[in-house]
Amino acid sequence: MFPRRTGAPAALPITLQECLTHLRADADGGANDLYINSLIPVAVAACEERINRTLISTAWRLQLDAFPAGGGEIALRMGPVMSVQSVTYKDAAGVVQTLDPSAYVLDGDSVPARLVPAVGTAWPATQDGAINAVTVTYTAGFGATAAAVPAPIRHWLLLAVAEMYETRSASAERPVVRNEFVDHLLAPYRVWEL
């Protein structure tokens, strides 16, 4: 299963002013500023999809039909995972329980991050045939502010905003030139295995 974002980040990794500086444009306080500002979340979404990571701290929810068999790990995608808020599950009787945080360990260094049972414990049994019996809520992102996002990613975002700003319509007559330098800005941060 793939996680769902359940909240919005408190900030964006780049600002309107940074975009205006990059574009060598003056703030007009009007439609142009609004348009450029609207491109920022589009660039962020494209970046996050491309690297399979979250840029600014955001709440996520992963739902599974059961815990992994044999004490297996739960992959927490769209990292880097900062913390796990809760792990809830429907027990054998169908009653929702919250797993004690001492019963699991977050390995945030792995990519993707993983949740495993603590030493000497096992995942509890869940209700047979239940759908979405296990819910993991967690926070992922490089940090709460733009400063936490690596500089190459921030530069890629500025270039993406500039490309969308300067090329406002697709044209079959114009060749698409792949810029390997720009693509390689994201390469160290891309999560390949999902």
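Modeller: A salt bridge here is a side-chain nitrogen of Lys or Arg within 4 Å of a carboxyl oxygen of Asp or Glu. Keep in mind that this is a predicted model.

Colleague: By this rule, what does the count come to?

Modeller: Four salt bridges.

Colleague: Which residue does Arg-5 meet in a salt bridge?

Modeller: Glu-48, with N to O at 2.4 Å. The two residues sit in distant parts of the chain, 43 residues apart: Arg-5 in strand E1, Glu-48 in helix H2.

Colleague: Are Arg-5 and Glu-48 buried or exposed?

Modeller: Arg-5 is partly exposed, at 35% relative accessible area. Glu-48 is buried, at 7%.

Colleague: Which residue forms a salt bridge with Glu-18?

Modeller: Arg-154, with the closest N and O atoms 2.5 Å apart. Glu-18 lies in helix H1 and Arg-154 in helix H3, so the pair ties together parts 136 residues apart in sequence. Glu-18 is partly exposed at 28%. Arg-154 counts as buried at 19%, because the cut-off for buried is under 20%.

Colleague: Where are Glu-73 and Arg-114?

Modeller: Glu-73 is in the loop between strands E2 and E3, and Arg-114 is in strand E7. Their side chains meet in a salt bridge at 2.8 Å, N to O. Salt bridges with shared partners join Glu-73, Asp-107 and Arg-114 into one network.

Colleague: How far away is the nearest side chain of opposite charge to Asp-91?

Modeller: That is Lys-90, 10.0 Å away. Asp-91 is buried yet has no salt bridge. This residue is in the loop between strands E4 and E5. Leaving aside residues up to four places away in sequence, Asp-91 touches Gln-97, Ala-125, Thr-126 and Gln-127.

How values were computed
Residues are numbered from 1 along each chain as its sequence is written. This is a predicted model: local features need pLDDT of at least 70, side-chain atom pairs count only at pLDDT 80 or more; totals for chains, interfaces and linings use all residues. Side-chain values use heavy atoms; hydrogens and water are left out. Helices (H or I, at least four residues) and strands (E, at least two) are DSSP runs, numbered from the N terminus. Buried means under 20% relative accessible area, exposed over 50%, partly exposed in between (1.4 Å probe, protein chains only). Lys and Arg count as positive and Asp and Glu as negative; His and the chain ends are not counted. Contact means heavy atoms within 4.5 Å.
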